[in-house]
Amino acid sequence: MRALTPLEARVLGVLVEKQATVPDTYPLSLNALVAGCNQKTARQPVIEATDAEVLTAVDGLKALSLVFEGSGSRVVKFEHNTARVLGVPGAAVALLAVLMLRGPQTAAELRLNCERLHRFADISSVEGFLEELAAKDPPRVVKLPRGPGEREARWAHLLCGEVALPDVASAAALAVAAGASVAAGELAALKAEVTRQGAELAELRALVQRMAAELGIQ
């Protein structure tokens, strides 16, 4: 199977997602599919695809047998055939869909974001399916190297081809710059807090002295 275009991956991910989240309106009409592709939430990146662009992506997916037109409706509707074409179980399809819709994520993030599509028992279960997908020929996902400051490695899908990794030196420089910015901000906040506490202490001292004077206490 050839590599998908980014919009084809978005269309496929939307079909998988909506099958689980809004089964009453699935298969999807072109209008519903376009709306799902252009959602402002649960999408990374956010896009503005036209009807014509989505329809072109659908035609590309139909040629790969990943999408086909549903029957029994006066309006043309579309449904996916991901599990059968890729030869993977439903849990793996859910993971691929979330990766296509939201970009690279850690296993913990995937478990959380897959909740409405498939409920995984724990993070190790997610990792197990990811490792199976990575071991397929060709591999469907890849575990990305941890970047500077990242505690956990992220996973990305390979349905659109190899993942372009950021230049390590550039990433490190950005991390250092970000760290310096945070440190400067924290220092400024600490100085402001010390100044505030100093002013508050002076007010309290003046209050105590005034009360002492009124009571005749030195």
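1. Start with the sheet. In this predicted model, three strands form an open sheet. Their order is β1-β3-β2, and the pairing is antiparallel. The edges are held by β1 (28-29) and β2 (67-69). Each has a single partner strand, so one side of each is left without a neighbour in the sheet.

2. Now look at how β1 meets β3. Strand β3 covers residues 77-80. Two bridges join β1 to β3, and the two run antiparallel.

3. Helix α1 lies across β1, β2 and β3. It runs at about 90° to β3. Helix α3 also packs on the sheet, where α3 touches β2 and β3. The direction of α3 makes about 105° with that of β2.

4. Turn to the largest nonpolar core. It has 45 residues. Those with the most contacts inside this core are L4, V11, L15, L33, V54, L110 and L130. The elements giving two or more residues to it are α1 (6-21), α2 (30-37), α3 (51-63), α5 (90-102), α6 (107-113) and α7 (123-135). Which element gives the most to this core? That is α5, with eleven residues. As background, nonpolar side chains in soluble globular proteins tend to be buried together.

5. Finally, zoom in on V54, one of the core residues with the most contacts inside the core. What does V54 touch, leaving aside its neighbours within four places in sequence? V54 is in contact with L7, V11, L30, L33, V34, C37 and A49. Among them, V11 and L33 are also on the list of residues with the most contacts inside the core.

Definitions and conventions. Residues are numbered from 1 along each chain as its sequence is written. This is a predicted model: local features need pLDDT of at least 70, side-chain atom pairs count only at pLDDT 80 or more; totals for chains, interfaces and linings use all residues. Side-chain values use heavy atoms; hydrogens and water are left out. A nonpolar core is a set of buried Ala, Val, Leu, Ile, Met, Phe, Trp, Tyr and Cys residues joined through side-chain atoms within 4.5 Å. Buried means under 20% relative accessible area, exposed over 50%, partly exposed in between (1.4 Å probe, protein chains only). Helices (H or I, at least four residues) and strands (E, at least two) are DSSP runs, numbered from the N terminus. Contact means heavy atoms within 4.5 Å. Two strands pair if DSSP finds at least two bridges between them. Axes are lines fitted to C-alpha atoms, for helices over the stretch in contact, and angles run from 0 to 180 degrees between N-to-C directions.
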